[in-house]
Amino acid sequence: MSSQVRLRLLPRARCMFDEPVQVKVDGLRSRQVVTVRARCTDERGVMFSSSATYRADGSGGVDLERDPSLSGSYTGVEPMGLLWSMRAAALHKRFQKTKSLDTHMVKFSVHEEEEEEGRMLAQATNERLLIGDGVSRRPIKDGNIRGVLFTPPGGGPFPAVLDLYTFGGGLSEKRASLLACRGFVVLTVALYGHDDMAKNIKEVHLDYFEEAIRFLKKETEVGSKGVGVISISKSGDLALSIASYLPGVAATVWINGCSANTFLPLYYKKRQILSALMFDISKMIPTESGAAISKNVLHDPLAEENKATLVPVERAEGRFLFVASEDDLNWDSKAYLDMMEERLQRHGKDNFESVCYPGAGHYLEPPYGPYCPSSFHGVVGRPVLWGGEPRSHAAAEVHLWKKIQEFFRTHLSCDTTQIKAKM
């Protein structure tokens, strides 16, 4: 390593996962061309990496907030490009970071520009935290509920959110813990494949989520009268059903879901309330990458024979934020969003707002993680393309993350008298 060259991460090398970091290099020769690299390993041991070539300014400095990448994983001025453009070393791997206590470590390095990886001149490690200082993490095993509760520091009152990162089995803490850092009490729940729960399920019971909402509302730090619900993909239709059939839901975020109840029949109080919209695997479109396109495999929810799968969203009393990626290749999220808007308007309802992202793919997550072009799909049993273009997808994640927080803050107003009543 060169003693004169410094690689700095500003404002500090330790930050939250959803915060940007400024990468600067000093001490290079005037106009020197260098490669800046980033690499990390996810919790399954899969290596992700990116690189970009930069030309130093007259005083030997490179600033990723100012300078364009000339070549590499991306081009142009992209301050966080090294993070979102990371690709897995193996095909069809999605970046897995589900445990909030595991810090995401990203190693940045700067190298002399050569055909092969040139001599390293400087390096620095960015510690990206999933749980903030003072946020409490409490595993929950209460009645039927299995999950983790995150509570911000201070006594509250805080708005409460139920995080449904449920399909695919197990439990994901990332989104819940990051929302707690932003001032929300968040309960993330598992539906199956976690702790002592069944490995697989053949039906879903709304009673489970009703129990989770009751549990959340009893927490002493919770000040919102109603709770928020946040979802993605299959859990999108679960969120619609929760908002439509259960009391006490004030705000629901639906991200790239369906307008109908998919894959598994839905029960409430031991009675089936929605049948399952199924799919035709023969409509999968293979690609040269080995991953298929599943966009059109679901049956049409508006076909007469499938009407019993449609969620009656007009029953919901709370607010909806509908989010669709226009390049979602998992299924046609934008078409499902349009269906729900039309249905609500037909019933004289205006309790919704929508945001659509051209160029974004299926998995819209908290920002600054590696973009995922393809990975294994548990329902269809093979790798699929998720859609989107990396730069547009990354920009959508940044915008949406702020939008979600604003939406919940607006519609989950807190009342200090709520807290006093529980004490």
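Where is the place of P11? Notes on that and a few other spots follow.

1. P11 is in the loop between strand 1 (6-10) and strand 2 (14-16). Strands here are DSSP runs of E with at least two residues, numbered from the N terminus. The bond that joins L10 and P11 is a cis peptide, with omega about 5°.

2. Before going on, a word on the basis: this is a predicted model, where local features need pLDDT of at least 70, side-chain atom pairs count only at pLDDT 80 or more, and totals for chains, interfaces and linings use all residues. Residues are numbered from 1 along each chain as its sequence is written, and side-chain values use heavy atoms, with hydrogens and water left out.

3. There's a cis peptide bond from G156 to P157 as well, with omega near 5°. Look for P157 in the loop between strand 12 (145-151) and strand 13 (160-164).

4. Now for positive phi. D195 isn't a glycine, yet its phi is positive at about 55°. You'll find D195 in the loop between strand 14 (185-189) and strand 15 (204-205).

5. K269, another residue other than glycine, has a positive phi near 55°. K269 sits in the loop between strand 18 (266-268) and strand 19 (271-274). With 55% relative accessibility, K269 counts as exposed (exposed is over 50% relative accessible area, using a 1.4 Å probe and protein chains only).

6. On to the cavities. A cavity is a set of points, on a 1 Å grid over the protein atoms alone, where a 1.4 Å probe fits but cannot get out; lining residues have an atom within 4 Å of a point. Points are joined across faces, edges and corners, and a volume is the space filled by probe spheres set on them. The count by this rule is four cavities of 30 Å³ or more.

7. The largest cavity has a volume of about 160 Å³. Its lining is made up of 16 residues, and those nearest the centre are Y363, E365, P370, C372 and E397. By class, the lining of this largest cavity holds seven nonpolar, five polar and four charged residues (nonpolar: Ala, Val, Leu, Ile, Met, Phe, Trp, Tyr, Cys and Pro; charged: Asp, Glu, Lys and Arg; polar: the others, Gly among them).

Technical notes. On a 1 Å grid over the protein atoms alone, a cavity is a set of points where a 1.4 Å probe fits but cannot get out, and a pocket is an open set with protein on both sides within 12 Å along at least five of seven lines; lining residues have an atom within 4 Å of a point. Helices (H or I, at least four residues) and strands (E, at least two) are DSSP runs, numbered from the N terminus. Buried means under 20% relative accessible area, exposed over 50%, partly exposed in between (1.4 Å probe, protein chains only).
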